[in-house]
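Please read the following note alongside the sequence and the model.

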Amino acid sequence: TEDKEEVIRQANATKARLDLANRLVNGLASEKERWKQSVTDLQSRDGTLVGDVLITAAFISYSGPFNRQFRTELLSKWISRAKELKIPMQENFDPLQLLTNDALIARWNNDKLPTDRVSLENASIFSTAERWPLIIDPQLQGIAWIKAREERRKEEERRFMELEAEYQAKKATFEADRERRMREAEEKGEKFVDDVVLERPRPSDEKLGRLQVVRFSQNKWLDAIEKAVQDGDTVIIENIHETIDAVLNPLLGRNIIKRGRSKFIKFGDKEVEYDDNFRLYIQTKMPNPHYSPEIQAQTTLINFTVTIDGLEDQLLALVVSEERPDLEELKASLMRQQNEFKITLQQLEEDLLKRLSSATGDILGDTDLIENLEKTKATSSEISEKVKEAKITEENINKAREQYRPVAARAAMLYFLLNSLNVIDHFYQFSLSAFITVFYRAIRLSQKSEDVQERVNILLDALTFDIYSYAARGLFERHKLIFISQLCFNVLRKDNNLPANEFNFLLRGTASVSRENALSEFIPTSSWNSVVGLAESIPDIFGKLPDDIEGSAKRWKEWIQHEQPEREKLPQDWKNRTSLQRLCIIRALRPDRLMTAMTDFVSESIGEKYVEALPFSFKNVYADSSKTEPVFFILSPGVDPVKDVESLGKQLGFTADNGKFKAISLGQGQEKFAEKAMEDMAQKGGWVLLQNIHLMKIWQVKLEKMMEQYCSETAHDNFRLFLSGEPDSDPAVASVLPGIVQMCIKVTNEPPRGIKANMNRAIGLFTPDTFEMCSKGNEFKSILFALIFFHAIVIERRKFGPIGWNVPYNFNNGDLTICKDVLFNYLENNTKIPWDDLKYMFCDIFYGGHVGDDLDRRLMRSFMDSLMSDALFEDGKFFAPDFPVPSPMSYDGYKAYIAEALPEESPKMYGLHPNAEIMFLTTQSNTLFMMLMQLQPRTSATSTSGELSREDRCKAQLEDILDMLPENFDMLEITDRVEERTPYVSVCLQECGRMNELLSTIKSSLKELALGLKGDLTISEQMEALMQSMYLDVVPAKWEAVAYPSMKSLGPWLKDMIQRCDQLVSWSSDLNLPKAVWLPALFNPQSFLRAVLQSTARMNQWPLDKMALITDVTKKELSEITAPPREGAYIYGLYMEGARWDKKGGCIRDSILKDLFPELPPIYLKAVTADKADLKDVYDCPVYKTKRRGPTYIWTFQIKTREPPAKWILAGVSLLMAADI
């Protein structure tokens, strides 16, 4: 019986083993094919491993700082080079194959990493680089992923600890149960089969330390890092700038000192123990930082800047989540499920392989292994089925989601447009989080529709206009047309309605001098050159334009001379051209009308509402704000936001009286009150207004940190933060930290422009009682009203640029109110009106206190002289043409007089010629398109777009410029030929030396850039600046520093420089004074003018300080001058602005309309003793190097006039050495 039972037991055991063997074979059968394929793949990859690893190592080491385009180019070049060198590597190799796997990517995506290719590359580099990562992260997506990753790791650690505790709690019970089952089997004589498994949780492969987030601006940041190094924690250094404190150099370089088994690292003057688990991540919000080679060598730079493709995918998910939440939830659920599947499969496979490789003894006895194999197979089959189902579902979801793709694409384009506006002014900074808030708001508030296509069109319109409105209320008026123009061009480009060649001409206004201007009577040469340039740039469309203009000159003349040609039909068949082609023609022939034409173009292309003024409403601004979105008032002269905030606060119950409103004007010692106010109001709910934060540049660092802390979801719902600050006079200089501005809704509220608006604002400073306060009532009223007119004129004259004031001045309301007080005191204390005293106080003390330029002071005195005299009280006196001086009246009477009697504004109101307005409008147009050029994408577009990148343009220009440059002057050879060092010879030698310095600078910088573009040198910040200047067709700053003032674009500037060289070559060949000197061609024209004085003084033995230079504008043509004069010199090349020279009458006359810079005939310069200088009937005309005037002043020439010199002073008449706009 016992034998029988033993046989049965053995049979059962054998059956069980056979069953286990079958289960094992069946389980491994499906794995066999997959593992066999994996072995084959591994064997094939073994042969290409060297090349694959080489490319991957290069990718990790070098590609991090670059955008997608450059990374693709680098990878392509490396692979091509590897193939040339016959280094074995996979076909179509992708470094991500070695760096990642599906499970890892799935985990990253679950950690909020965007799913685009660049983000995956960044995460791969971040995770595998040996050097500490330094991430460029202006949109904060990188730091969000890192923090989410660390949070996930922390959560995994917490979950592991819970499971481990459960395991330990179950372990004793499980062991006791196992022993019981073993005894029962032994008593029954059966073989014990351990078929119950208590699986122990697996810890994470990643060692987890605490996460420390520090900034260099916080206190004791070094102590925090030191402790993290010792404890093996992870440190993120946030928001660094372009330098890293030198004390961290040993840590960045990992200069670890080993002593036995311990490791140490130096911190300043002490050593601290180093834990191998320590991790350091560094982040900057700067979009384009320039780090030193040392920092680049010590860290791995990774560019996390959001890409337009990546952002489009993110925004698509957002818009679908709003429009079809069911779809997006299903999509997200599928993605999470798929990611979990991949992670689960990898874990099961790893566990199986680990058990197989570690199995000992009889493998059929390892029930756990076989059951795990079956579980893996079952799970794998189940997952495969679910994946197939998911793919079909995903295809249907994607098809539905793609209907909303145009909305996401438009939104991504709009964000990148906003992101580029900081080129115009540093205040124009926009965060991605704030943009997404507006994005959601636009979707939720837009009109609904059941039809998907109609709804998409509604969304496109609503989104575009809402983003435009959001941005536009934070832009200065002068920048709004730039913004809407670029918005319009971007929309057209996205719809393939923006031909690249036409757009390129519109931006650059390319000119050509290959054809003579036969129509100079009504077409300026500069405009004709633009017409020829247009014809040559786009010959298939505009090739016949010059011929048509010449062939139908009368019709074209009518169109060109029309007051508003942009609203008239073009002559001939040109009337059928597209709107963009019309713009190109206006750009060439009437650049002064481009602002209006551009406004019409935008209105026609994307809608009239984009060019209509947006009314300012602080109530609407407040409605858009929240506890997490502060409001920033960008201050303008004459506008105070405090009243708006206080007024609305009173309506809503937030006042200083009830303790719910705190307004603090920042200055020395006010920081602590501001900090306390923010802390209190964030807790209990209230408003805080911090004024003039631009004055507190150091404290702004702390303010930014506090805003991140208090302007958050944890703040009270009624908490609001309002800030105000002024922009720097240089738009490129940040008066407020970008991080502060990015967080805020930006608001500008500029005062209305124009004389009428300024006079209304000025008279509004007073009350009816003010006009009745003086005992000499009539005199007081008339003079005060004249001061109001004067105040409006001096403020508004700034808009005309240098012809208005050489230097722009910030006259303010305080100037007028103090003048009123002085006027009252003087009239009350004097029987007669002390005109001289009053004019001195007004012109030299109060308004003149702002004025630093002598010629501007002369202008102010002339204007004041024309107003302040006894004639003010006489009949027939006019403030300006068509604006008579009123008889004394009441306050309300003066207000009514301004409203009714003030004529339509024109340059004549300021004493200027109508050409000043043409000049002003032309300058505005040029500024518009220069700014638009800077807003264009810096990388090349697709090959079909016809646009070139900066690098391609620079490469094309480099060799051409180097070839056209003349040789340097041989100074030793020229000096050896000098027989007598006369003043003229000294000028020639100085000019040749200066030209050599300029030529050497140009050549060296271009050669250096050529090496940089070839890759032989690292592209430096100076090379970047040079490339950008060449792309924008402007003179590089490095060249300007050793050159002469000029407003020419780069191409004409180079031609002009070569012509200057030609004059010096001719002059230095014999060192004799030229028959006529092209004065504007000299670096230092003053030295030549002094040389004229010195030569005459030496010849006649006269004292130099008793001499004067007289100027005689000749009636000669340049060709008629055959030799230099016996005394003095002939000069030529000067232009007059604000008036013209009447050759027949020999005096200054009013300009001819649209002839902006008439050229003067040659001028004869002669030195005489001061007592013989004829100063009768002359206008002291300032001479400037360029139209910028101001610091380019050279000399004052006495020019004959038959009219009072004050007329020309008010008209801003001057001589210029260049007629460049």
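The numbered points below begin with the basis of the model.

1. Basis. This is a predicted model, in which local features need pLDDT of at least 70 and side-chain atom pairs count only at pLDDT 80 or more, whereas totals for chains, interfaces and linings use all residues. Residues are numbered from 1 along each chain as its sequence is written, and side-chain values use heavy atoms, with hydrogens and water left out.

2. The sheet. Strands S4, S5 and S6 form an open, antiparallel sheet of three strands, in the order S4-S5-S6. The edges are S4 (256-259) and S6 (270-273), each of which pairs on one side only. Strands here are DSSP runs (E, at least two residues), as are helices (H or I, at least four), both numbered from the N terminus; two strands pair if DSSP finds at least two bridges between them. Neighbouring strands of the sheet are turned by 40 degrees against each other on average, direction ignored. Axes are lines fitted to C-alpha atoms, for helices over the stretch in contact, and angles run from 0 to 180 degrees between N-to-C directions.

3. Strand S5 (residues 262-267) is joined to S4 by four bridges, the two running antiparallel. Within this pairing, arginine 259 stands opposite serine 262 in S5. Helix H7 (residues 221-231) lies across S5 and S6 and runs at about 45 degrees to S6; contact means heavy atoms within 4.5 Å.

4. The whole structure holds 50 salt bridges, each defined as a side-chain nitrogen of Lys or Arg within 4 Å of a carboxyl oxygen of Asp or Glu. One of them joins arginine 215 to glutamate 238, with the closest N and O atoms 3.4 Å apart. Arginine 215 lies in the loop between S2 (211-214) and H7, and glutamate 238 in the loop between S3 (234-237) and H8 (249-252), so the pair ties together parts that are 23 residues apart in sequence. Are these two residues buried or exposed? Arginine 215 counts as buried at 5% relative accessibility, and glutamate 238 as buried at 10%. The classes are buried under 20% relative accessible area, exposed over 50% and partly exposed in between (1.4 Å probe, protein chains only).

5. The side chains of lysine 227 and aspartate 231 meet at 2.7 Å, N to O. Both residues lie in helix H7, four residues apart, about one turn of the helix. Lysine 227 is partly exposed at 44% relative accessibility, and aspartate 231 is partly exposed at 36%.

6. A salt bridge between helices. Aspartate 624 and arginine 441 form a salt bridge of 3.7 Å, N to O. Aspartate 624 lies in H24 (residues 618-624) and arginine 441 in H14 (residues 432-445), so the pair ties together parts that are 183 residues apart in sequence. Arginine 441 is partly exposed, with a relative accessible area of 21%.

7. Cavities. There are seven cavities of 30 Å³ or more. A cavity is a set of points, on a 1 Å grid over the protein atoms alone, where a 1.4 Å probe fits but cannot get out; lining residues have an atom within 4 Å of a point. Grid points are joined across faces, edges and corners, and a volume is the space filled by probe spheres set on the points. The largest cavity holds about 130 Å³. Its lining has 18 residues, of which Asn806, Leu855, Arg1189, Ile1209 and Gly1212 are the closest to its centre.

Technical notes. 1 Å grid on protein atoms, 1.4 Å probe; cavity = no way out; pocket = protein on both sides within 12 Å on 5 of 7 lines; lining within 4 Å.
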